[in-house]
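Open the model in a viewer and keep the sequence panel beside it. The stops below say what to select next and what is there.

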Amino acid sequence: MIAFWILALVLIASAVFTVTAVKPVYSVVGLLLNFIALAAMYLTLQAEFLAVIQIVVYSGAILILFVFVIALLSSGTRPFEVGPDKAPRIAIPAVILAVLTLAGLTVTALHTHTAVVLAPSTGGAAGDAGAFGSIANFGTALFTTNLLPFEVTAFILMVAVIGVVLIAGDVAPGDGTPPRRKRRAGTREPIVKDTLVR
Amino acid sequence: MTVGPDNYVALSAVLFLIGVVGVIARRNPLIMLMSIELLFNAANLALVAYARSWVMNTGHIFVFLVITVAAAEAAIGLAIVAVTFRRSQHVDVDEVSALRG
């Protein structure tokens, strides 16, 4: 129970830091702390497999992707930073809208029927095979009841990979010429800026 | 005072709030993408809390699918950011209008 409040504090603080950081790298650090605290929070909810997945997929894959893109974009002559946002005025309506969202979520949550206290889990103690939240329990549900969503997930990932290659790949899908050269042959492509290659 | 599902859901709502502010107020596309990850995580926390509340692992399946889709979304979003930056050297989403219909 004390773990909940500590983790909640860490989660909120790191989320605020992520949103308000000046440079994206700082945001990545805040987000890393947020993900790790959230994984610990999953452990308090007996979602052991999801805690591991949270660390591996989010902290291990997605955040590395962010860091890699930041490093890629800032490898050129110009440092990759935006500085202060141009329209801080929008922060006030954003906060108002977010508070309205919070109010709506709170009202919805209060009208949802839930157990007031966490029910004791069934199927044995935490850590046993087949207990609630264990890998065996999760895998059984994933590969029997929810097999079709799992397959759809694989399809989504394949589509995402193909889409990323098409978007960020250097070669146009039609002919074999790089799109950059094609553009430069046309007109006013400003010279330069091959920051991604350099 | 005991910690129940309501505490987790309230925390999830607060995290969602912070993420919404980030998406709306920041103009750096990378930070906006990270704020979207915060939104995903807030929703995941609520799902796990409710799953624990009812001792049913359907919520865990949902979280698994959300994480997968979030990974795909991050990959595609970062690819778009990289291509946009390569073309225009702008990292302010207000200055990017190539995707406008």
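Helices and strands here are DSSP runs, at least four residues of H or I for a helix and at least two of E for a strand, numbered from the N terminus. By that numbering Val55(B) is in the loop between H2 and H3 of chain B. The model is a predicted one.

**Stop 1: the loop residues**

Select Val55(B). Its phi is positive, about 50 degrees, although Val55(B) is not a glycine. Most residues other than glycine have a negative phi.

Now go to chain A and select Gln46(A), in the loop between H2 and H3 of that chain. Gln46(A) is not a glycine either, and has a positive phi of about 60 degrees. Gln46(A) has 22 C-beta neighbours inside 10 Å and therefore counts as buried.

**Stop 2: chain A as a whole**

Colour chain A by secondary structure. Chain A has seven helices and zero strands, in the order α-α-α-α-α-α-α along the sequence. Of its 198 residues, 21% count as buried. Taking contacts in chain A between residues at least 6 apart in sequence, 41% join residues at least 24 apart.

**Stop 3: the side of chain B that touches chain A**

Show both chains. How many residues of chain B are in contact with chain A? There are 63, and they meet 73 residues of chain A. On chain B, helix H1 (5–25), helix H2 (29–54) and helix H3 (58–88) each supply at least two residues of this side. H3(B) gives the most, with 21 residues. Coloured by class, the side of chain B that touches chain A has 43 nonpolar, 12 polar and eight charged residues.

**Stop 4: H1(B)**

Select H1(B). H1(B) has 21 residues and reaches 30 Å from its first C-alpha to its last, close to the 30 Å expected at 1.5 Å a residue. H1(B) is mostly covered, with 16 of its 21 residues buried.

**Stop 5: H2(B) against H3(B)**

Two packed helices are described by the angle between their axes and the distance between the axes. For H2(B) and H3(B), the axes come within 9 Å and cross at roughly 175 degrees. H2(B) is therefore roughly antiparallel to H3(B), since an angle over 145 degrees counts as such. To see the contact, select residues of H2(B) including Leu33(B), Phe40(B), Leu47(B) and Ala51(B), and residues of H3(B) including Phe62(B), Val66(B), Ala70(B) and Leu78(B). By class, the contact of H2(B) with H3(B) has 16 nonpolar, five polar and one charged residues.

Stay on helix H2 of chain B and select Ala46(B). Ala46(B) is buried, because 23 other C-beta atoms lie within 10 Å. Leaving aside neighbours within four places in sequence, Ala46(B) is in contact with Val9(B) and Ser12(B). Draw a distance from the C-alpha of Ala46(B) to that of Val63(B), 17 residues apart along the chain: the separation is 9.6 Å.

**Stop 6: H3(A) against H2(B)**

Bring chain A back and select H3(A) with H2(B). These helices pack at an angle of about 175 degrees, with their axes 12 Å apart. That angle makes H3(A) roughly antiparallel to H2(B). The contact is made by Leu50(A), Ile62(A), Phe66(A) and Ile70(A) of H3(A), and by Leu30(B), Met34(B), Glu37(B) and Val48(B) of H2(B). By class, the contact of H3(A) with H2(B) has seven nonpolar, no polar and one charged residues.

**Stop 7: the largest nonpolar core**

In soluble globular proteins, nonpolar side chains tend to be buried together. Which residues touch the most other members of the largest nonpolar core? Of its 62 residues, they are Tyr42(A), Leu15(B), Leu45(B) and Val48(B). The elements that give two or more residues to this core are helix H1 (2–20), helix H2 (24–44), helix H3 (48–73) and helix H5 (135–145) of chain A, together with H1, H2 and H3 of chain B. H2(B) gives the most, with 14 residues.

Finish by selecting Tyr42(A). Leaving aside neighbours within four places in sequence, Tyr42(A) is in contact with Ala47(A), Leu50(A), Ala51(A) and Gln54(A) of chain A and with Val48(B) of chain B.

Key. Residues are numbered from 1 along each chain as its sequence is written. Chains are lettered from A and ligands numbered from 1 in the order in which they are written. This is a predicted model: local features need pLDDT of at least 70, side-chain atom pairs count only at pLDDT 80 or more; totals for chains, interfaces and linings use all residues. Two residues are in contact if their C-beta atoms, placed from the backbone, lie within 7 Å. Ala, Val, Leu, Ile, Met, Phe, Trp, Tyr, Cys and Pro count as nonpolar, Asp, Glu, Lys and Arg as charged, and the others, Gly among them, as polar. A nonpolar core is a set of buried Ala, Val, Leu, Ile, Met, Phe, Trp, Tyr and Cys residues joined through C-beta atoms within 7 Å. A residue is buried if 20 or more other C-beta atoms lie within 10 Å of its own, exposed if 12 or fewer, and partly exposed in between; C-beta atoms are placed from the backbone. The expected span of a helix is 1.5 Å times one less than its number of residues. Axes are lines fitted to C-alpha atoms, for helices over the stretch in contact, and angles run from 0 to 180 degrees between N-to-C directions. Angles under 35 degrees count as roughly parallel, over 145 as roughly antiparallel, 65 to 115 as roughly perpendicular and the rest as oblique.
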